[in-house]
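Here is a briefing on one protein model.

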Amino acid sequence: MNIHEYQAKELFRSYGVPVPEGHLASTAQQGREAAQEFGGTVVVKAQIHAGGRGKAGGVKVAATADQAEELAAGMLGRALVTHQTGPEGRIVRKVLVEKAQRIAREIYVSITLDRAKGCPVIMASPDGGMDIEEVAAKTPERILRQSVDPLYGLADFEARRIAAFLGFSGKSMHACARLLKNLFQIYQDKDASLAEINPLVVTEDGTLLALDAKLNFEDNALYRHSDIMELEDPAEEDSLEKQAKEHGLNYIRLEGNIGVMVNGAGLAMATMDLIKQAGGDPANFLDVGGGAGAEKIAAGFRIILSDPHVKAILINIFGGILRCDLLAEGVVKAARDTGVGVPIIIRLQGTNAEEGRRILAESGLRFTVAEHLSDAARLVAEVSEQ
Ligand code: ADP
Ligand code: MG
């Protein structure tokens, strides 16, 4: 689960990770009031669940309260498109108005799980503010990776080692080490999957501040963090993904135009590879899982049908525990209820496959049944282009 910058900064504050003073505004008037309260120059920051806002016009400096109001009015209610949002962007519903900081230098710090080593890893670079992927590609020696033992937590000497790598010494080294330890504590206490500060800045008067704050949380651990669950912003969630979750279906939205329904995540990956090889582009994948019944299948199929980007659908089921006849019943039911305006290609194999094909054929609805998966992928790629 993802949260907003302003929410992450509140958590930071409560754990002793220093952040700039800021106020949340959901109207332009509130933006003006926040700026008035701070006096001086402020920064107006669009709150969406995506980064790259700075380059996309979602972080702007206002010298006066008038200007802050104007900037907030310009952002609120509009879609902001950044390189992380996809072409549709995300609607800005709130802005964070912060005291503008005089920045002496920008640093990068993050904590994630190192899956290969099976422990958290802290990544730090004195080259913050820019794309960390670019730093990693061009000057990998400018990034330090510090593995952390999850049982002992981040040790003082490890935190100081990172701080020294970032160019701190004396008192400021200790301030940086403390900040890193506090950040690690959030990561561990809240079962975060990512804690990132980009940029962590040193201001001209030598203060360390997290200017940006990003926290992602492990969905499977949310049940033990009701405080984090409350931070969920339903407006940021894809409504189709939400519906799928309610039905216990795994649904992932992608950028193409072919709806994909499969049983099993591995089969989903293989199916998408084949569609791509055939020149098609999946709009989503919906994994109905093992023991789905006709109702659940119908719900899944309706979700795929209600995505206006979908121009063709491929259903690829290998019947094991999930019986092909049940799947066919569910698909026919949903197609009758909802009405289908796009071509549907179905490939069924395994338990009761023949019975499933018979149900589809006798339904009177237009399904194309493919024998082999490669034929199915080729067919769906073809029709999606028409
Ligand atoms: P994003 O990562 O989405 O682009 P950031 O919060 O990192 O958004 O902001 C982008 C840039 O804007 C930062 O690198 C920093 O230079 C500047 N910035 C952000 N907040 C402030 C602030 N409070 N004062 C001064 N500059 C800021
Ligand atoms: Mg940033």
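- Asn198 sits in strand β10 (residues 192–203), and Asp212 in the loop between β11 (208–210) and β12 (214–217), so the pair ties together parts that are 14 residues apart in sequence.
- Helices (H or I, at least four residues) and strands (E, at least two) are DSSP runs, numbered from the N terminus.
- Asn198 is buried, with a relative accessible area of 18%; buried means under 20%, exposed over 50%, partly exposed in between (1.4 Å probe, protein chains only).

**Basis of the model**

- This is a predicted model: local features need pLDDT of at least 70, side-chain atom pairs count only at pLDDT 80 or more, and totals for chains, interfaces and linings use all residues. Residues are numbered from 1 along each chain as its sequence is written, chains are lettered from A and ligands numbered from 1 in the order in which they are written, and side-chain values use heavy atoms, leaving out hydrogens and water.

**Nonpolar cores**

- The largest nonpolar core has 41 residues, of which Phe12, Val109, Phe168 and Leu215 touch the most other members.
- Such a core is a set of buried Ala, Val, Leu, Ile, Met, Phe, Trp, Tyr and Cys residues joined through side-chain atoms within 4.5 Å.
- Elements giving two or more residues to this core include α1 (5–14), β7 (103–114) and α6 (170–189).
- α6 gives the most to this core, with nine residues.
- Another core, of 34 residues, lies apart from it; Leu240, Ile297, Leu327 and Ile344 are among its members.

**Arg347**

- Arg347 is found in strand β17 (residues 344–350).

**Overall build**

- The protein has 13 helices and 18 strands.
- Its C-alpha atoms fill a box of roughly 75 × 50 × 40 Å, taken along the principal axes.
- Of the 386 residues, 49% count as buried.
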